[in-house]
Amino acid sequence: MPASEATVHRICPFCEACCGLELKVADGRVTAIRGHDADVLSAGYMCPKGVALRDLHDDPDRLRRPLIRRGGQFVEAGWDEAFAEIDRRLPPLIGAHGRNAVATVLGNPTAHKAGLLLYGARLGRALGSQNVFSASTLDQMPRQLAAGLMYGHWLSIPVPDIDRSDYLLVIGANPLASNGSMWTVPDFRGRARALQARGGRLVVVDPRRTETADVADRHLFIRPGGDVFFLLGLVHALFDEDLVRLGRAGACVAGLDQVRPAVAGFAPEAVAARCGIAAADIRGLARELAAAPRAAVYGRIGTCTQEYGTLANWAIDLLNVLTGRLDEEGGIMFPKAPAFAANTAGAPGSGCGVTTGRRRSRVSGAPEVFGEFPLTCLAEEIETPGDGQVRALIAIAANPVLSAPNGARLAAALDRLDFMVSLDIYLNETSRHADVILPGLSPLEDIHYDVPFPQLACRNYARFSEATLPRDPDRPAEWETLLRLAAIVEGRGAGIDVHAYDDELFNAELGRLAGDRAAAIADAVAPRRGPERLIDLALRQGPYGLTLDAVRKAPGGIDLGPLSPRLPEVLRTPSGMVELAPPPLLADLARAAADLGRPAPDLVIIGRRHVRSNNSWMHNLPVLAKGPFRCTAMVHPADAGRLGLTDGGRARIARADRAIEVMVEVSDAMMPGVVSLPHGWGHDLPGIRLGLAAQRPGANLNALLDEDLRDPLSGNAVLGGVEVTMQPLG
Ligand SMILES: Nc1nc2c(c(=O)[nH]1)N[C@H]1C(S)=C(S)[C@@H](COP(=O)(O)OP(=O)(O)OC[C@H]3O[C@@H](n4cnc5c(=O)[nH]c(N)nc54)[C@H](O)[C@@H]3O)O[C@H]1N2
Ligand SMILES: Nc1nc2c(c(=O)[nH]1)N[C@H]1C(S)=C(S)[C@@H](COP(=O)(O)OP(=O)(O)OC[C@H]3O[C@@H](n4cnc5c(=O)[nH]c(N)nc54)[C@H](O)[C@@H]3O)O[C@H]1N2
Ligand code: SF4
Ligand SMILES: [Mo]
């Protein structure tokens, strides 16, 4: 061991598992990365992506200085020059066309970086544009809306208490690849194994026999997009077979009487063909679920990115409530986060609930949901002239040209903008359209705090990571960049003293939040700046009264215990009850009922995730990119035979007038009639700087999808279950 070697710990920022890592650092370099055994949440677990922190830090393609477009070419620029360029171009545009002319789009890493999340919100407030878009409407908005309507807040989302459960039904999720989502559950495999060792059962419902299905006790294929029918069939069976038992939560539940008649048309026998699961299997599962001592139903992206996403997610929670699992050990429970959770703030037990549609998008009239419009509305808002047209864009850690449907149309729209800024660490498919690209730090140079994820974790915890490596003092952290942008859009100029500005905003917030205690808290947190100060404040105001110092001193974090019952205190519905029958959801049932007879197309496409990839941006890291090519189109042998496709051969997948070329992988893990292709690939577009990724670019699934296919309630994009054709290429 070199004399200078140090051991440090930090949280992995790449996915929702939020693993605690142990790093060896010598001579300013990370020499080894492993799971941190003493981490209170992940206890030594990590996946291969954690190791890639080092590759990301070293990646020669990762941007370290701003890029400005000059005469059609990107040139490296100093920070002052980059901000001056933005200051020169953005405020006049706002002056001439108003604030809504500037849109923001927030991408997935925003949720994982405290600086981006906390200061992205500040930029949003400073800008005051209605045109806010994010990856949430390609992802979990249906989950948030269903939970919001039932429990009263967008982030009051109960998660399976897996460590004490005996039965887990997983639908439309593959935590063995994704490591869990809207559920922070590092080492899902280990926890599932423990559940099985207790005599429990894991059941997976998925159109592919996934890695998770492979370790399950039972797997059932489901027709893509058939979830709402299957789930309502289960709900129906619970009523029909007199299996409804609300248990303790019953005292807090409203609307039960309305649910039974609402699902009357969805008997297992009526939904079987539509979901591809036999009525007898649905009834059997309903009985099994009802009989298990402690059970939970969990659904994720497969249940969200479809036409009935909100209804499907409501049905998942209905199953949990109707079988008495809500707020029970081993059922689904509400985490209690040490900071930032709206459901630990304000008066407990009731609140204003959630509403949607406070405004409508200009072109399609899509309702606002959780302060956003559907990301699939962005292109039309740029293309369509008139009052309120989007003329400028600030993209924050977002790559919608690959991650959203019909990226080609969006790319063309981005080229028509008067001005675009990307906060991004790569020159990639989306940032190539920007006029200015502002890179952030390497995660190793940044602090880390999980802002949203303790609200979704299988155990309560508090952890904080220091920066592992020093940063070049000339390079701003992302919160500083976002503050400078906020000052620019407020007309206060790029030359603002960002730290004084930070103080100003902080003091204003403190005055509002802490009332009389403001002065004392201000003193206590005084030495800190930026996100650290906000985290300290939030911890102090949180339900455990922690301080950042206390969290910082605990190397593996502070264990705040297993999930504990929170009803009715957690609720923020106006009625103070769990709303089982929110009117917008009951109204939407007619749409599903009218669709019961839709026949199965010959072939539909769905997505897939792999543990060595992460959405659209980790294909440039050597440790992850090595090994077999992963952007393959998996098809069942029967489909391969019928269509003349061969394993390892090439094929064309088409939908309407658009097509992509893919490599075929024949696999009996697929449901017949379904082809599976991962998203986030297609790194063959001109003008990107992703040397390694471009060597094996893969194909972009989203090129086949349409912007106007959405779940009308949540605005979420439909990213799977759409009909395609496939033919071999010579
Ligand atoms: N067909 C299909 N499409 C999908 C999905 C699917 O399942 N199927 N999944 C959807 C889901 S769930 C999501 S969340 C979206 C994700 O889509 P996006 O929100 O677009 O996110 P990513 O693809 O992860 O791209 C992240 C961007 O942030 C940049 N970046 C990475 N780290 C940092 C950082 O520290 N700072 C900054 N400033 N930038 C950074 C990357 O270079 C990249 O440009 O994709 C969606 N698209
Ligand atoms: N390694 C890795 N981890 C990730 C990511 C990544 O890209 N790579 N992305 C992160 C992000 S942004 C997110 S949102 C999460 C997502 O986390 P998960 O939801 O666990 O994501 P997937 O692995 O895509 O699992 C979705 C499953 O739904 C299935 N499916 C597709 N269509 C349907 C359908 O209509 N009905 C049903 N029942 N199932 C269907 C797919 O076959 C797939 O197995 O993962 C996160 N973690
Ligand atoms: S599962 Fe992998 S990517 Fe996710 S937090 Fe853990 S180490 Fe990082
Ligand atoms: Mo996501």
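1. Basis. In this predicted model, local features need pLDDT of at least 70 and side-chain atom pairs count only at pLDDT 80 or more, while totals for chains, interfaces and linings use all residues. Residues are numbered from 1 along each chain as its sequence is written, ligands are numbered from 1 in the order in which they are written, and side-chain values use heavy atoms, without hydrogens and water.

2. Cavities. The structure holds 5 cavities of 30 Å³ or more (a cavity is a set of points on a 1 Å grid over the protein atoms alone where a 1.4 Å probe fits but cannot get out). The second largest cavity has about 90 Å³ of space. It is lined by 13 residues, of which Cys-12, Cys-15, Cys-19, Cys-47 and Gly-50 are the closest to its centre (lining residues have an atom within 4 Å of a point).

3. Ligand 3. The second largest cavity is where ligand 3 sits (more than half of its atoms lie within 2 Å of the grid points). Residues around ligand 3 include Phe-14, Ala-17, Cys-18, Met-46, Lys-49 and Asn-179 (a heavy atom within 4 Å). By class, this shell has 8 nonpolar, 2 polar and 1 charged residues; the cavity lining has 10 nonpolar, 2 polar and 1 charged.

4. Helix H19. In H19, residues 518-525, the buried residues are Ala-518, Ile-521 and Val-525 (under 20% relative accessible area, 1.4 Å probe, protein chains only). Seen down the axis, these buried residues fall within an arc of 70°, so they line one face of the helix. Ala-519, Ala-520 and Asp-523 are exposed on the other side of H19 (over 50%).

Notes
1 Å grid on protein atoms, 1.4 Å probe; cavity = no way out; pocket = protein on both sides within 12 Å on 5 of 7 lines; lining within 4 Å. Points joined across faces, edges and corners; volume = space filled by probe spheres on them. Nonpolar A, V, L, I, M, F, W, Y, C, P; charged D, E, K, R; others polar. Helix = DSSP H or I, 4+ residues; strand = E, 2+ residues; numbered from the N terminus. Arc of directions from axis to C-beta.
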